[in-house]
Amino acid sequence: MGSRMSTVVTMPPTQDVSSYAAKRFAAGALFCPDCRLRLEKPVLRCPSCGFTGENTLRLFSGAAPAMEPWMDQAQCWDESSRKKILGWVGRLQRRFPQIDWCLLSIKLPEEVRLRLFNFWFFNVSPVQNEEEREKRSWTVLLTYDVDHQRFVITPGYQVEPILADDDWEDLLTTLKTSWREGGILKGYRDFFAEAERKLVLASRRMNGIIKNKEGGES
Amino acid sequence: MMRCVCFLLWAIMAVCVSAQSSSPVFIMPDKPKGQVSDESKWLTPEEQYEWERQLESWKRNDGVDIYLVILPNLHNTPADHVMHEIANRWGDPALRGVVLYVPSSAGPRIWWEGEIIEKINLDPRAQREMILRIEKRAGSESTERERLRSAIYQLSDTMRVIHSQWRQFSAIRDKWNDSIYQKWSRDRMIRRAKWIGIAAVGLVALVTVVWFLHRRFTRQRRYFFPQVSAQRRFGALHAGGSGAVVSLQSSRHRP
């Protein structure tokens, strides 16, 4: 595990000449997962707390499983709920074919910091090939801590400019509100419905930026 | 003079009243319990019983409803009228016959009629000819009883033939009607099947069109996002963001 993260650290940043600069579309600022310091530019180590990816390797020892759309590690879902939730996820994936969703339920100790856990899980979960590596950056990981009823959501690098952290928090707040009103399934349903709405708006915004910049629509 | 005139008037009136009260009046006999009405008591009880049995048998087995009526006098009432009235009042509306005999007369008179005659379109002249021939043959017999017997048997034979024709006619008509009904039913079924088929095809076409239109107008658009150069940080290969956290237990909880 350590060697895998070390490999990541030493790997030179990929430059894709056919892609747009992420900063141009960024919906929000970058923050340190540990101290939540706002970052002006991508850094290898947080200038405030010194956080780096390797720190999470010390926090969470062991191997993370391969990421799949449905990871019910806590075994808290029945078959009916699984089908419903995956149905909503499928609808979302049909409308936004690029974005993959991974739903993880797990039982974590209370002292575990969910941001760092998701950061660690997202990055150390193995990928089989280059195609899967590319897809991973288009993935959104939604983790449910069953014992303490906490949710954390982490988008990949490609999804990051689409919605800001505030948007994700707003989505989780929707989930929380709907959960209290009508149960967990209603929470998930409203979460995905709201996510769909936000993603549609984000897509229009990003494509509008491209058209304006390239001399299309004024 | 005056007295003479009054007496003359009284005498004329008396003669008229006397003549009126003593003139014979024909009274229609009551309907008998069986098929024989003998008010003149001309038949012996054995003969009456025999004719009752025979006529009842024909009525029951062959549908030939014949009344034997023996009257002492018709009082100048036409025999045809009497027989017609008796047939209408007593007989079966479908087919009825009357043999009327006045003892010591020339011979028995017969009459037959009914709805069947109209249904098989029997010519009235032919009917009249049959009656005359029967009466003529009966009249050729030597004794009164032989004439009566001949008339009754000939009438029963004639009516039996007519009734058989009617039954045959009815059977042919029923068969014909049945074949027409079957053809009509078959045509109706074919027509219905045709319409049902057309309706089914139309419905399928309509559903298909509606489905395509529904798909066309409700198919949700797919959205794509531009590929960006990843802002990799903290040495993380796939995700370097802080993400978002929420706790259901307490909104003030900061994991």
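Start with the open sheet of 5 strands, whose order is 4(A)-5(A)-6(A)-7(A)-6(B), with mixed pairing. Strands here are DSSP runs of E with at least two residues, helices are runs of H or I with at least four residues, and both are numbered from the N terminus; two strands pair if DSSP finds at least two bridges between them. The edges are strand 4 (70–72) of chain A and strand 6 (244–247) of chain B, each pairing on one side only. Direction ignored, neighbouring strands of this sheet are turned by 10° against each other on average.

A quick word on what you have open: this is a predicted model, where local features need pLDDT of at least 70 and side-chain atom pairs count only at pLDDT 80 or more, while totals for chains, interfaces and linings use all residues. Residues are numbered from 1 along each chain as its sequence is written, with chains lettered from A and ligands numbered from 1 in the order in which they are written.

**Stop 1: inside the sheet**

Select residues 139–145 and 150–155 of chain A: these are strand 6 and strand 7, antiparallel and joined by 6 bridges. Pick Leu141(A) and you'll find its bridge partner, Thr154(A), in strand 7 of chain A. Now step across to the other chain: 4 bridges join strand 7 of chain A to strand 6 of chain B, again antiparallel. One pair to click on is Arg150(A) with Ser247(B).

Next, show helix 5 (residues 114–124) of chain A, which lies across strand 6 and strand 7 of chain A and strand 6 of chain B, at about 45° to strand 7 of chain A. Helix 7 (residues 165–182) of chain A lies across strand 7 of chain A and strand 6 of chain B, at about 25° to the latter. Those angles run from 0 to 180 degrees between N-to-C directions, with axes being lines fitted to C-alpha atoms, for helices over the stretch in contact.

**Stop 2: where the chains touch**

Colour by chain: 30 residues of chain B are in contact with 66 residues of chain A, contact meaning C-beta atoms, placed from the backbone, within 7 Å. Strand 6 of chain B gives the largest share of chain B's side, 4 residues.

**Stop 3: helix 2 of chain B**

Select residues 45–62 of chain B. This helix of 18 residues reaches 25 Å from first C-alpha to last, close to the 26 Å expected at 1.5 Å a residue (1.5 Å times one less than the number of residues). Which of its residues are buried? They are Trp51(B), Leu55(B) and Trp58(B). Seen down the helix axis, they fall within an arc of 55°, so they line one face of helix 2 of chain B; the arc is that of the directions from the axis to the C-beta atoms. Buried means 20 or more other C-beta atoms within 10 Å of a residue's own, exposed means 12 or fewer, and partly exposed is in between, with C-beta atoms placed from the backbone. The face turned away carries exposed residues, including Glu46(B) and Arg53(B). The buried ones pack against strand 1 (36–38), strand 2 (65–70) and helix 6 (144–218) of chain B.

**Stop 4: helix 6 of chain B**

Finish here: the end C-alpha atoms of helix 6 of chain B are 105 Å apart, which agrees with the 111 Å its 75 residues should span at 1.5 Å a residue. Among its buried residues are Leu148(B), Ile152(B) and Trp166(B). The buried residues of helix 6 pack against helix 2, strand 2 and several other elements of chain B, including helix 5 (124–139).

Key:
Contact = placed C-beta atoms within 7 Å.
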